[in-house]
Structure formats: C-alpha cells, structure tokens
Amino acid sequence: MIIPCIDLMGGKVVQLVQGREKALEGDAPLAMLAKFAGFPEIQVIDLDAAMGRGENSAVVELLASRAKCRVGGGVRNAVRARKLIEQGAHRVIVGTAAFTPAIEEIAAAVSPERILIALDSKFGKIVVKGWQESTEFSAEEVIGRLEPFCRGFLCTYVDKEGMMQGTDLEWFRRLRAATSHEITAAGGITTLEDIRALKAMNIDAALGMAIYTGRLDLAALKDE
C-alpha cells in the first residue's frame, strides 16, 4: 500500500528536511486531499503538536472527515488519542509516548488495533519529541516489546527524510525480520524501485517529498 502524507504546520501543508528545515509548502489541505483521492489511506501529521507548539486540530478534523486518515503528532496521552479518534481518525500514530508508561493507557483508551507506533531512527537510535531528542536504543531493540500495544509500526529513516536520496532498505529488512506486525516505511523513499523493494518485503510506503516535488507521479503510483 502507498500512503501519501499531509504534514501540517501553521495550518499549511509543508514538507521538512529531517524534521527541521521547511523545504516547501503544498496546496491547501483540502486541495492536497483531492490530489490524493484514490489512495486507500492518507497519513496526516500535526507537526506543531509534535513539536509542542500548538496544534492544527480544525484542519485535522476536516481531513479526517473526508478521507481514511492515520493521524499523528503530539499523541502523548490517552486524552489526545481519544480526541483524534473522535475527530474521525482511522488510526492514531504514537511516537514519544510509546517509550513511556502512557502507552498502556493510550492502548486501553482506543485499543491497540487503532494504534500505529512510530519508530523514528536517526544515527541508528530512536528519536522522540518531534525528532528533537535522541534515545539510547535502536528500533530493532524495542519493536518486539511494543507489539502488544499496536496494530503496526510507522518506521521512519530520519537520516534520509526529505533528502530525495533513497532510503535504507537493509534497515527495513531487519525490522521486517523482527516483527510480524504491519510496517509502514518512511524517510527518503524516492523511486518506484524503492517502493517495489519494500512491497516485496510486505512493507507499505508513506510518501512525502517525492510526490510533492513531482519526482514520483501520482497517476503512476496508483497503479503500483
């Protein structure tokens, strides 16, 4: 499955490089949603909420009312997770809180079936709080023990995020061997060859920069 991404900052659709530098702005949120019509699911990330500087709640709710959306950004407690489900999110993406006791409360509040845990890796270690803080453990080390709390994992190779240089297929291969849960890959996916290699591993692909810059054609992607 190919999942187009809508990342929100200040009410606008943006694309960042490695979660820091804004590289471009997309069309208005609903216009982007229209472009992505025909894809089975859309990924919506509230970057402001992830970084702890506000949120884009109204836009998230609007998008979730119009399409099947997995929504993340600042899901650090059960209240926030439940709110996103009530706003129409099909699933919630939990990052930072997955590495705290809060994950048990979140899973109890919305059920593991509605949760994707974000495993974001930079320099080989999990990063949290909008990719602003590094931990001491790798995704391979934690993926197994997090399985009871989620339906699947959103695994981002931050080192290549937004850089249009390809991704690390070997990293995804190791993660695939470590869990039977569904995996969505993100971070540097640039070519149809990347997507096909991931598909051969039974891994979905979340796409951002490559489609916003036109490197990958939306019409062609619908045929994959």
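Which elements do the buried residues of α4 pack against? Keep that question open while you take in the whole chain; the model is predicted.

**The whole chain**

Show the chain as a cartoon. The secondary structure comes to 10 helices and 12 strands. Along its principal axes the C-alpha trace spans about 40 × 40 × 30 Å. A compact globule with 224 residues would have a radius of gyration near 17 Å, and the chain agrees with this at 16 Å. Switch to a surface view: the accessible surface comes to about 9,400 Å², and 50% of it belongs to carbon and sulfur atoms. Of the 224 residues, 56% are buried. Among contacts between residues at least 6 apart in sequence, 65% join residues at least 24 apart.

**Helix α4**

Select residues 78-86, which form helix α4. Ala-78, Arg-80, Ala-81 and Leu-84 are its buried residues. Look down the axis of α4: the buried residues fall within an arc of 165 degrees, so they line one face of the helix. An α-helix has 3.6 residues a turn, so residues three or four places apart point the same way.

Now the opening question can be answered. The buried residues of α4 pack against β4 (42-46), α2 (47-50), α3 (57-66), β5 (69-72), β6 (91-94) and α5. Turn to the face of α4 that points away from the buried side, and you find the exposed residues Val-79 and Glu-86.

Next, check both ends. At the start of α4, a side-chain oxygen of Asn-77 comes to within 3.2 Å of the backbone nitrogen of Val-79. Just after α4, select Gly-88, which takes a positive phi of about 115 degrees.

**The nonpolar cores**

Hide the cartoon and show side chains. The largest nonpolar core has 60 residues, and those with the most contacts inside it are Ile-6, Ile-117, Leu-119 and Phe-172. Helix α5 (residues 102-110) gives the most to this core, with five residues. A second, separate core has 13 residues, among them Met-51, Leu-116, Ala-118 and Ala-206.

Go back to the largest core and centre on Ile-6. Leaving aside residues up to four places away in sequence, Ile-6 touches residues that include Val-13, Pro-29, Met-32, Leu-33 and Phe-36. Its other contacts include Ile-42, Gln-43, Val-44, Ile-45, Leu-63 and Tyr-212.

**Helix α7**

Which residues of α7 are buried? Select residues 169-178, which make up this helix, and look for Trp-171, Phe-172, Leu-175 and Arg-176.

At the start of α7, a side-chain oxygen of Asp-168 reaches to within 3.1 Å of the backbone nitrogen of Glu-170.

**Leu-169**

Is Leu-169 buried or partly exposed? Its relative accessibility is 24%, so Leu-169 counts as partly exposed; the cut-off for buried is under 20%. Leaving aside residues up to four places away in sequence, Leu-169 touches Asp-194, Ala-197, Leu-198 and Met-201.

As a last stop, draw a distance between the C-alpha atoms of Leu-169 and Ile-45. These residues are 124 residues apart along the chain, and their C-alpha atoms are separated by 23 Å. Ile-45 is one of the residues that Ile-6 touches.

Notes: Residues numbered from 1 in each chain as written. Predicted model: local features only at pLDDT ≥ 70, side-chain atom pairs only at ≥ 80, totals over all residues. Heavy atoms only, no water. Core = buried A, V, L, I, M, F, W, Y, C linked by side-chain atoms within 4.5 Å. Buried < 20%, exposed > 50% of the residue type's maximum accessible area, 1.4 Å probe, protein only. Helix = DSSP H or I, 4+ residues; strand = E, 2+ residues; numbered from the N terminus. Contact = heavy atoms within 4.5 Å. Polar contact = N/O pair within 3.5 Å; in protein donor to acceptor, adjacent residues only side chain to side chain. Rg over C-alpha atoms; globule rule 2.2 N^0.38 Å. Areas by Shrake-Rupley, 256 points an atom, 1.4 Å probe, with all protein chains shown as cover. Arc of directions from axis to C-beta.
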